[in-house]
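Subject: Structure handover

Hello,

Here is the structure I said I would pass on. My notes follow below it.

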Amino acid sequence: MEYIPAKSIVNRTKDPSWFGADYIMNIYRGCPHGCIYCDSRSDCYHNDGFDQVRVKEDALRIIRNDLAHKAKPGVVGTGSMSDPYNPFEQELLLTRRALTLLEAYGFGAAIATKSDLITRDIDVLTSIHRTMPVICKVTLTTCDGSLAAKVEPRAPSPARRLAAVEQMSRAGLFTGILMMPILPFLEDNSENIRAIVNRAADAGARFIYPAIGMTCRAGQREYFYQQLEERFPGQGLAERYRRRYGARYRCTSPRVRALWDVFEESCNRRGLLHSMGHIIAASRRGHGEEQLSLF
Ligand code: SF4
């Protein structure tokens, strides 16, 4: 394991409207899940060797120091540039120990992951949830295990992720699905959208937050197209992307309107929240909003 220096780890977020997180925390750099569409491969992040996980040196001491010097407690988001529950976390326990620090200093948590390892920390998350909001977000772009094995080759299967959602929901944690990205020409069909909503609701999820399409930047784009050609040979997918989107950043599904209707109708029928405002408000219920900076 390579260790990299860091001055601070818990920093103010630039976008507090994203699940109500006031701060952002990334203990790891790089991610081993291998998602072919990952935005973190973009040149602008200078994440060379992205598939290799590195750890910030002396992370827990830095996190403790960061938390102790924040003027106000708030919700700490993690999981935006790497998965906090990568396989190394099983032994290193850094995410778990960071969560215990959040609890000790009175902070909440908003976690995004593709790993069912998060269920190991249900006890700590439940303790935090007694005083501050906790949002558990599990990413799911398809329920089809064989498709997921191609587009998210080293991440836990959709079935394992849904089982994790069920376990956390049963434990009383505010848990839902990040349904993003929905890849154009691969995952943007009504069967997939309905399956995700129904399986999420069956597992006890409270919300689904969607992106019916993907974003693409230099570096990420070339890798994605190369992977499409290798993993879906003879289907001309990379060429379809090139023709439709060129160098565009937002690659919205051509079927977005119809799929949005399917998504909304399915969520309403199954009682799942899907707007950011409602999700944040529900996560804060019972937590004395006066303590928290409102979006
Ligand atoms: S889990 Fe997230 S950070 Fe890791 S490779 Fe996949 S998209 Fe990238």
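This is a predicted model: local features need pLDDT of at least 70, side-chain atom pairs count only at pLDDT 80 or more; totals for chains, interfaces and linings use all residues.

Residues are numbered from 1 along each chain as its sequence is written.

Overall picture

The protein has 11 helices and 12 strands (helices are DSSP runs of H or I with at least four residues, strands are runs of E with at least two, and both are numbered from the N terminus). Its radius of gyration is 19 Å, close to the 19 Å that the globule rule gives for 295 residues, so the protein is as compact as a globular protein of that length. That radius is taken over C-alpha atoms, and the globule rule is 2.2 Å times the number of residues to the power 0.38. The C-alpha trace spans about 55 × 45 × 30 Å along its principal axes.

Helix packing

Axes here are lines fitted to C-alpha atoms, for helices over the stretch in contact, and angles run from 0 to 180 degrees between N-to-C directions. Two residues are in contact if their C-beta atoms, placed from the backbone, lie within 7 Å. A crossing is left-handed if the near helix is turned anticlockwise from the far one by less than a right angle, and right-handed if clockwise. For residue classes, Ala, Val, Leu, Ile, Met, Phe, Trp, Tyr, Cys and Pro count as nonpolar, Asp, Glu, Lys and Arg as charged, and the others, Gly among them, as polar.

The axes of helix α1 (residues 59-68) and α3 cross at roughly 20 degrees and come within 10 Å; the two helices are therefore roughly parallel to each other. Their crossing is right-handed. On the α1 side the contact involves Ala59, Leu60, Ile63, Arg64 and Leu67, and on the α3 side Leu94, Arg97, Ala98 and Leu101. Seven of these contact residues are nonpolar, none polar and two charged.

Helix α3 (residues 94-104) also packs against helix α4 (residues 122-129), with axes that come within 9 Å and cross at roughly 15 degrees. α3 and α4 are therefore roughly parallel to each other, and α3 passes α4 in a left-handed crossing. Arg96, Leu99, Thr100, Leu102 and Glu103 of α3 meet Val124, Leu125, Ser127 and Ile128 of α4. This contact has five nonpolar, two polar and two charged residues.

Helix α8 (residues 220-231) and helix α9 (residues 237-245) have axes 8 Å apart, at an angle of about 145 degrees. Tyr225, Leu228 and Glu229 of α8 touch Leu237, Ala238 and Tyr241 of α9.

Ligand surroundings

Which residues surround the ligand? They are Cys31, His33, Gly34, Cys35, Cys38, Ser40, Ser82, Asp83, Lys114 and Ala155, counted as near if the C-beta atom, placed from the backbone, lies within 6 Å. This shell divides into four nonpolar, four polar and two charged residues.

Backbone details

The peptide bond from methionine 180 to proline 181 is cis, with omega near -5 degrees. Proline 181 is in the loop between β9 (174-179) and α7 (190-202). Histidine 46, in the loop between β4 (28-29) and β5 (54-56), has a positive phi, near 50 degrees, in a residue other than glycine.

Regards

Methods. Angles under 35 degrees count as roughly parallel, over 145 as roughly antiparallel, 65 to 115 as roughly perpendicular and the rest as oblique.
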